[in-house]
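Could you walk me through this structure, starting with its open spaces and then moving on to the sheets around them? I'd like the cut-offs spelled out along the way.

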Amino acid sequence: MDTWLDLRSDTVTRPTAAMRQAMAHAQVGDDVFADDPTINALQDKVAALLGKEAGLFLPSGTQSNLVALMTHCQRGDEYIVGQKAHTYLYEGGGAAVLGSIQPQPLSVQPDGTLDLDEVERWIKPKDAHFANTRLLCLENTIGGRPLPPGYPASARELVDRHDLGLHLDGARLMNAAVAQGVSAEALCAPFDTVSLCLSKGLGAPVGSVLVGSRDFIERAHKWRKMLGGGMRQAGVLAAAAIHALDHHVERLADDHRRAAWLADALGELPGIEIVDQQTNHVFFRSARVPGQELQARLLERGVRILGGDVTRLVTHLDVDDAAAERFVAEMAELLPA
Ligand SMILES: *Cc1c(COP(=O)(O)O)cnc(C)c1O
């Protein structure tokens with residue numbers, strides 16, 4: 001139903017008419033034989049955008065991160081990661097289950113970083129008692145928040161001292177680049193490998209690209225096949241992604257502006273406390289009508305949110321100014337003065 005308003009995530013966007021046209025006209029081939037020209041073009045485009053040698057198209061960000069972890073780490077190795085990081089908390093424990101890789105989770109600080117002194121203390125000695133610490137994994141944006149400038153370079157110094165790899169879960173990296181006014185390439189420079197989601201704010205229906213050195217991507221290719229991510233004429237999906245990169249990056253600034261507007265407007269409503277607003281994310285508490293109840297009452301009005309103790313709203317391609325205003329109006333009606 002087209003009158004639905006959906007603020008649960010930026011994954012809910014549907015392909016635009018122009019994107020569907022690009023998909024309909026895509027040149028395709030068998031990508032398991034590396035024959036799909038549109039996938040090859042997408043992989044090269046993302047590698048160039050992020051300043052790495054090569055790229056690999058995968059069906060999801062979860063698989064992209066898992067392939068990255070399995071390429072960086074062997075059985076019995078360990079990666080250091082944030083407690084709230086997607087690659088630890090929201091990927092079903094895949095690194096441990098499928099990769100035999102032990103996570104060492106550490107708490108995430110309010111600015112989205114891991115304390116690098118703490119990271120250093122948790123790097124295991126070379127001793128038979130311990131897993132072999134192999135990788136540090138960061139996320140940008142995390143909870144919608146771009147990593148502070150300069151932090152990835154400090155993380156690089158640390159991993160270099162200990163001969164670890166450095167992976168970035170950059171699912172929403174382009175949001176960070178647009179919000180901070182820096183190039184995606186500069187944000188990725190300290191990292192060995194980066195995973196970028198095309199199906200979040202960029203608005204493509206499916207897919208992520210993992211980038212790194214040519215040698216790394218060749219090895220990652222094997223893990224992708226083993227995990228079932230080798231697709232055939234998937235150029236139709238890559239065409240959507242290329243269209244998204246050509247047309248939907250600069251407009252992320254509109255999502256950020258609308259999220260800021262929502263935070264201001266909601267903050268005026270009775271009992272609403274804005275907890276945070278960064279890029280396209282707004283987090284709020286509701287004192288008079290709890291988040292779960294707001295979710296149920298809004299659903300009756302054709303509005304989808306994920307209500308909780310803290311409720312997260314995410315703006316995206318299918319939320320224009322009128323939709324943002326409608327959301328505030330619906331909320332105003334539900335909240336007793
Ligand atoms: C969405 C997301 C992913 C990957 O999600 P998929 O749904 O598997 O594509 C990875 N990391 C972060 C930070 C994400 O937000």
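**Pockets, cavities and sheets**

The largest pocket has a volume of about 980 Å³. Of its 41 lining residues, Tyr-90, Ile-142, Gly-143, Phe-283 and Arg-312 are the closest to its centre. Before going further, keep in mind that this is a predicted model: local features need pLDDT of at least 70, side-chain atom pairs count only at pLDDT 80 or more, and totals for chains, interfaces and linings use all residues. Residues are numbered from 1 along each chain as its sequence is written, and side-chain values use heavy atoms, with hydrogens and water left out.

How is a pocket told from a cavity here? On a 1 Å grid over the protein atoms alone, a cavity is a set of points where a 1.4 Å probe fits but cannot get out, while a pocket is an open set with protein on both sides within 12 Å along at least five of seven lines; lining residues have an atom within 4 Å of a point. Grid points are joined across faces, edges and corners, and a volume is the space filled by probe spheres set on the points.

Back to the pocket: its lining counts 11 nonpolar, 20 polar and 10 charged residues (nonpolar covers Ala, Val, Leu, Ile, Met, Phe, Trp, Tyr, Cys and Pro, charged covers Asp, Glu, Lys and Arg, and the others, Gly among them, are polar). At least two lining residues come from each of α3 (61-72), α4 (86-89), β7 (193-197), β9, β10 and β12; α3 gives the most, with 3 residues. These labels are DSSP runs numbered from the N terminus: helices are H or I with at least four residues, strands E with at least two.

Three of those strands belong together, as β9-β10-β12 is the order of an open, antiparallel sheet of 3 strands. β9 (272-278) and β12 (311-314) stand at the edges with a single partner strand each, so one side of each has no neighbour in the sheet. Neighbouring strands here are turned by 25° against each other on average, direction ignored (axes are lines fitted to C-alpha atoms, for helices over the stretch in contact, and angles run from 0 to 180 degrees between N-to-C directions). Helix α12 (residues 252-267) packs on this sheet, touching β9, β10 and β12, and its direction makes about 165° with that of β9; contact means heavy atoms within 4.5 Å. Strand β10 (residues 281-286) pairs with β12 over 4 bridges in the antiparallel sense, where pairing takes at least two DSSP bridges between the strands.

Strand β3 (residues 77-82) runs parallel to β5, joined by 4 bridges, and Tyr-79 stands opposite Leu-135 in β5. β5 also pairs with β6 in the parallel sense, over 5 bridges, with Glu-139 opposite Asp-169 in β6. In β5, 6 of 8 residues are buried, meaning under 20% relative accessible area with a 1.4 Å probe, protein chains only.

Strand β5 (residues 132-139) gives the most to its lining, with 3 residues. Glu-139 and Ile-142 are among the residues lining this cavity.

How values were computed:
Buried means under 20% relative accessible area, exposed over 50%, partly exposed in between (1.4 Å probe, protein chains only).
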